[in-house]
Amino acid sequence: MDNILDIQDLHTFFYTPEGTAKAVNGVSLSLKPGEILGLVGESGCGKSVTNLSVLRLISDPPGKIVSGKISLDGQDLLQLPKRDMRKIRGDRISMIFQEPMISLNPAYTIGNQLMEALLTHRKISRAEAVNRVVEMLQMVEIPSAEKRLKDYPHHLSGGMRQRVMIAEAMLLRPQVLLADEPTTALDVTIQAQVLELMYKLTEEFDTAIILVTHNLGIVAESAQRVAVMYTGRVIEEAPVKDLFESPRHPYTNGLLRSVPVPDQNRPAGREPLYEIEGIVPNLFDLPSGCSFHPRCSRIKDICRHEQPPEVEVGTNHMARCWLYA
Amino acid sequence: MLNYSIRRLLYFIPTLFIVAFMVFFLVRLIPGDPIQVMLGDGANPETIAAVREKMGLDRPLPIQFGIWLGSVVKGDFGTSIQTNRPVLQSIRERFPVTITLTTLALLFSLLLSIPTGMLAAVYRNTGKDYFFMLLTILGVSAPVFWLGLLSLLVFSVKLGWFPSIGFVPIWEDFWTGLTYLILPAVTLALHMAAVVARMTRSSMLEVLRLEYITHARAKGLGEGKVLIKHALKNAFGPTLTTIGIQYGQLLGGAVITESVFSLPGLGRYVMVSIHARDYPAVQGCILFMALIYVVINLVVDLMYTYFDPRIEYN
């Protein structure tokens, strides 16, 4: 099957007085229709910037998409005139944000904001739009949906607001959904429900998802493939099962080992939770060679000087590491 | 909302009492004697004493204050020493001029400041931003009387675009009336425009970096809609407060502007009354202006709920 979204060698830099931050530094990702791709990594690794770059929502200045190619169904988004790009936003590619408390406009009702999303892209009557919005709110299981239209965001709980966001994002049945930490801000008890709803709708509309998260549990449960990012690069990508069972990159390995596993039977006086030594390097001043080398436990001499290539380490399993080159 | 309004109206009473108290004693601190001014330098001391007694100005100040306050409560602002007419009647005649002038000035200043502030925020830290902000610094620092005299000189005397003297009420002949008001209103507006533009810029900057603005763009909205519908409405709250406070500046500025442009408004009346040490007239006018100011600020606070629905008055 053809890819619905293809990101090739994307570079997004931020030019600031302190220097140039190479937030996304050669990322390539692809997405098949209906597929869920987990994009994981520590904060500042460029996963959110990758998502925003897809919609060309990087604020310029200071940010700029320097090079690369982002194709939606074969059409290069980076070459589109602004007007045409706007037609794609919210219609064929939509986005869900991390903080439902601040991603909905406090000055407008839920109804107003949902109707706006629909009427911007579809020439339909108001009555029809109301029907579709109410129907969508019912699909995300918001009780007495019709009455909620007149509510302001502050009338709703965090979980309800995120449902509203999902309803809005799915209103136009997009081909791609960019979900940026969609449940991080929610109570644990609600996270599962919200994710469940999101998957139900994307499955129904055959929407592919890039699920940005630092929560490996969520990825393990829902994604088909995982890409791990570190300092603006994808350092490992694999089908979800392979990645969790046999991570190849030392960083991925460390990441997985630093997650507590509840049913592991460890004796008293057990080992402390694994910790990757050192800190994420400053984007303004990346180490030479492999940017992970100062923290790597399996460092080789070449790591210090040369950028590791992408290496095929298994079926559809890629790692960017000198250990396998 | 109704309860809140009633409560706020009740708060007016202490505020206005303090204003009344201050203006009553402050005008009496100005050196000079109203009777002396009225009767001229040649008047003999006995006549002065007699007139002073007749007007009750010989009594102890607290008693005078009590008597005046008592009649103000009953709606009687007293009689002007200078013109011998009821102060309230003069206020009623002149108030429409001042309210037209200040409303027009408010309108001009918003038309100037909101787009300027928005553009400065959108083009933050670029040449355009610096240029607009330089203008606002000039606007804040240029004194009203100087701006007034200068614009009179340039636009009325040199260029002859506007009449330099006289006044036609706008409610008698709208367009002619407007030509008399444009120059004073713009002069009066500039200071407020500068302050409001700076406020709009900073609150727009505050709003533009929020996630719901990115969300609005991610929906596929055009930049105009993002800025005006999504950003400006949220940014307008703090600006609105500034506008309410600045309205006091407009009323104060009207005293100077009306004098420079010789408009028969409340401001000029205050100026003339101060010169004549016309105590009842000054007291009445200032109290009246204070009332307008608090009413405007109540309206501003009630409008807040429109721009920020999270605020509820209960």
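**Exercise 1.** How many residues does the contact take from chain B, and how many from chain A?

*Solution.* We are working with a predicted model, and we begin by counting each side of the contact in turn. Chain B gives 19 residues, while chain A gives 28 residues. We then turn to area: the two chains bury about 2,200 Å² between them, and 56% of it lies on carbon and sulfur atoms. Within the part that chain B buries against chain A, B:Glu211, B:His215 and B:Lys219 supply 30%, more than any other three residues.

**Exercise 2.** Find how many salt bridges join chain B and chain A, and describe one of them.

*Solution.* The count is four salt bridges. One of the pairs to examine is A:Glu116 with B:Lys229, whose closest N and O atoms are 3.1 Å apart, and this pair forms a salt bridge because the distance falls within 4 Å.

**Exercise 3.** Which elements of chain B give two or more residues to the side that touches chain A?

*Solution.* These elements are α9 (211-218) and α10 (223-260) of chain B. The largest share, six residues, comes from α9(B).

**Exercise 4.** Locate the helix that gives the largest share of the nonpolar surface patch on chain B.

*Solution.* The patch, which includes B:Phe145, B:Trp146 and B:Ile256, has about 960 Å² of accessible area together. Its largest share, seven residues, comes from helix α7 (residues 144-158) of chain B, and B:Trp146 lies in this helix.

Key. Residues are numbered from 1 along each chain as its sequence is written. Chains are lettered from A and ligands numbered from 1 in the order in which they are written. This is a predicted model: local features need pLDDT of at least 70, side-chain atom pairs count only at pLDDT 80 or more; totals for chains, interfaces and linings use all residues. Side-chain values use heavy atoms; hydrogens and water are left out. Contact means heavy atoms within 4.5 Å. Buried area is the accessible area (1.4 Å probe) that two parts lose on being put together, summed over both. A salt bridge is a side-chain nitrogen of Lys or Arg within 4 Å of a carboxyl oxygen of Asp or Glu. Helices (H or I, at least four residues) and strands (E, at least two) are DSSP runs, numbered from the N terminus. Patches are made of residues with over 30% relative accessible area and no salt bridge: like charges are joined within 9 Å, nonpolar side chains (Val, Leu, Ile, Met, Phe, Trp, Tyr) within 5 Å. Accessible areas come from the Shrake-Rupley method with a 1.4 Å probe; for residues, only the protein chains shown count as cover.
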